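The following paragraphs lead through a protein model with its ligands.

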Amino acid sequence: MVTSFRWRLVSLIIVIVLGLITCMYAQMATSPPADQKTGFDPASQPIPANDQRIHDQVGFDPAAGDSYHETVIAVPFDAMMKSDVDAKAAVMQRQQQLLQERYDLSDRPSKDVMMSGKRKAVQTGVRVKLPQGVTWAQLADMDSDQIRDKGLWPKGFLPLPHVKQATGGQVFPNQQIDSIQKFENRSLRRFDVDFDLPEHLTPEFPPPVFLQSRPDLGDFSRGQHITLKNYYALSNGILTPVQIEGLRLLLTPFPQEEFNETEDRKVADPSMGVACLDCHVNFHTNAAFHLNPDVRPQTARLRLDTTSLRGLFNQQVHGSKRSLRSVEDFTEFEQPTAYFNGDHVSAARKGIGRPLRETSQVTMMAQMQNMIDFPPAPKLTVLMRLDPRKATEKELLGEKVFRGKGQCMQCHSGPAFMDDKLHDLKVERFYKPQVINGQYIHAEGPIKTFTLRGIKDSPPYLHDGRCLTLDDTVEFFNLVLELKLTQEEKEALVAYMLQL
Ligand code: HEC
Ligand code: HEC
């Protein structure tokens, strides 16, 4: 009797509790939106078309335009091409003026230091021009506020704009364009812009290729530009079938934003597209450039100089900002997002011919990329120290500064002289936000530490290529890290980096 009463009481309580819970849910589902409770309606808050804070700083609306590329083509191809062609001379002249203002672009090759293929000399000397009336030593004695307020930051150390920021896109150097035209009859020439830097300030073309699987071979490419025409003859008997197929895919053009069949392209004839190794020629770089995918709006995007693919097997972070964690991810991702536009929406319009993971295409492409080694560095020991029996006094001093006063080792450590981290160098301490040739110059935030192995082979330097020589990078870090290096220490650092 007592048990049955207790049981009924428990059931009643359960029913009441369940009822209450149901009521609460119903209440929540039909509850008025937050604004009726709080008086705040987020949807009614206007989103300003431009950011007033930025507008006040630079007198310009960098937020004009949205995140997407145009997917509806408003202007017919012929009309667009004509207006682009008409505008080209002025566009290129403006860029040349900017480069002249910033840099000494003259041809000053080293008499004894060649790039790894021994076909092109390394360029010497500091090329960034100083503002009038100051020396490098005087600048190094000022603090960042003084440099910024007096407008003394050398212009060459500001972010480098794309030749045509508003359009952006891939721009190839003439050597690459001519060579692909010759071997594959494919045009990489845009009608709206040209490559801007003089040839002597770009890497050796074609660069040598060093296989980590066959160091005994020397240059795998035998001095040739690897294309779809010769890759098989070069590979058979040296690479595995998996690697050969990876190489073929890396040489296969895929349509993308400026090189495709649709009417928003920037090449005269419909194009089969661009191959990975059109920029990473022979797995290195030809200094082709683009805008980075990670920043919006268009005006605020950063110029990107093509990175080398040498030594990828020892790198764990890929892309200067995106921090992709595997070569596979990087390989899979570029094509479906229109190569560096971070835009999967407009990319799909050019055809979905992307390499697939399911068929192991991506894996094979990645495995091939991971076979590429840095060029030999005969003066380095197994522990990546200079061998005192082979190195000069100057180079040894450079190593000492690199590991000591210069603090370079803090970030450029390990076998690839990089820490697989991104660092914010806070370069904006030295300059005010401004707009230059349509690029909104702003704080850039963290950037990946790049490797210094084989570094003499890959000018220009930094993510956007703003430093033309290694001497420039030393002046840059001397100011950014506030090192106060002597002239002798600076020269020694350059001599050291030429041996890495
Ligand atoms: C327009 C020229 C261009 C083309 C085409 C191109 N790349 Fe790149 N690649 C670059 C640039 C520029 C970067 C540097 C990206 C960054 O800093 O965010 C880069 C970076 C990379 C990296 C990361 C290197 C690192 O820093 O760790 C990999 C891997 C890579 N590319 C592979 C590929 C593959 C695979 C393809 C073809 C699917 C390809 N690239 C096509 C220009 C190009
Ligand atoms: C706080 C970390 C840090 C320190 C310290 C540092 N670097 Fe770097 N280094 C970087 C980062 C990050 C980049 C890429 C910056 C960019 O692209 O804007 C870089 C880029 C470079 C490059 C260009 C690499 C390329 O492929 O373009 C050179 C050369 C270089 N550093 C040399 C030095 C020297 C010499 C020192 C010491 C005087 C030094 N770095 C100290 C983080 C560092």
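Helices (H or I, at least four residues) and strands (E, at least two) are taken here as DSSP runs, numbered from the N terminus. The model is predicted: local features need pLDDT of at least 70, side-chain atom pairs count only at pLDDT 80 or more, and totals for chains, interfaces and linings use all residues. Residues are numbered from 1 along each chain as its sequence is written, while chains are lettered from A and ligands numbered from 1 in the order in which they are written.

The protein comprises 16 helices and 10 strands. A residue is called buried if 20 or more other C-beta atoms lie within 10 Å of its own, exposed if 12 or fewer, and partly exposed in between, with C-beta atoms placed from the backbone. By this criterion, 39% of the 500 residues of the protein are buried. Two residues are in contact if their C-beta atoms, placed from the backbone, lie within 7 Å. Among contacts between residues at least 6 apart in sequence, 70% join residues at least 24 apart.

In soluble globular proteins, nonpolar side chains tend to be buried together. A nonpolar core is defined as a set of buried Ala, Val, Leu, Ile, Met, Phe, Trp, Tyr and Cys residues joined through C-beta atoms within 7 Å. The largest such core has 44 residues, of which V171, L250, L277 and I372 touch the most other members. At least two residues of this core come from each of α7 (174–184), α9 (241–250), α10, β4 (289–291) and α13. Helix α13 supplies the largest share of this core, five residues. A second, separate core of 39 residues includes C408, V427, F477 and V494.

Helix α13 (residues 361–369) contains M368. M368 counts as buried because it has 26 C-beta neighbours inside 10 Å. Leaving aside residues up to four places away in sequence, M368 touches Q243, G246, L247 and L250. M368 and E245 are 123 residues apart in sequence, yet their C-alpha atoms are 8.5 Å apart in space.

Helix α16 (residues 487–497) is largely enclosed by the rest of the structure, because eight of its 11 residues are buried. The cover over these buried residues includes α14 (393–403) and α15. What is the angle at which the axes of α14 and α16 cross? With axes taken as lines fitted to C-alpha atoms, for helices over the stretch in contact, and angles running from 0 to 180 degrees between N-to-C directions, these two come within 7 Å and cross at roughly 100°. That makes α14 roughly perpendicular to α16, where angles under 35 degrees count as roughly parallel, over 145 as roughly antiparallel, 65 to 115 as roughly perpendicular and the rest as oblique.

The ligands complete the picture. A residue is near a ligand if its C-beta atom, placed from the backbone, lies within 6 Å of it. Around ligand 1 there are 28 residues, the closest being C276, C279, H318, G319 and S320. Helix α11 gives the most to this shell, with four residues. Around ligand 2 there are 23 residues, of which G406, C408, C411, Y461 and H463 come nearest. Helix α15 (residues 470–480) contributes the largest share of the shell around ligand 2, four residues.
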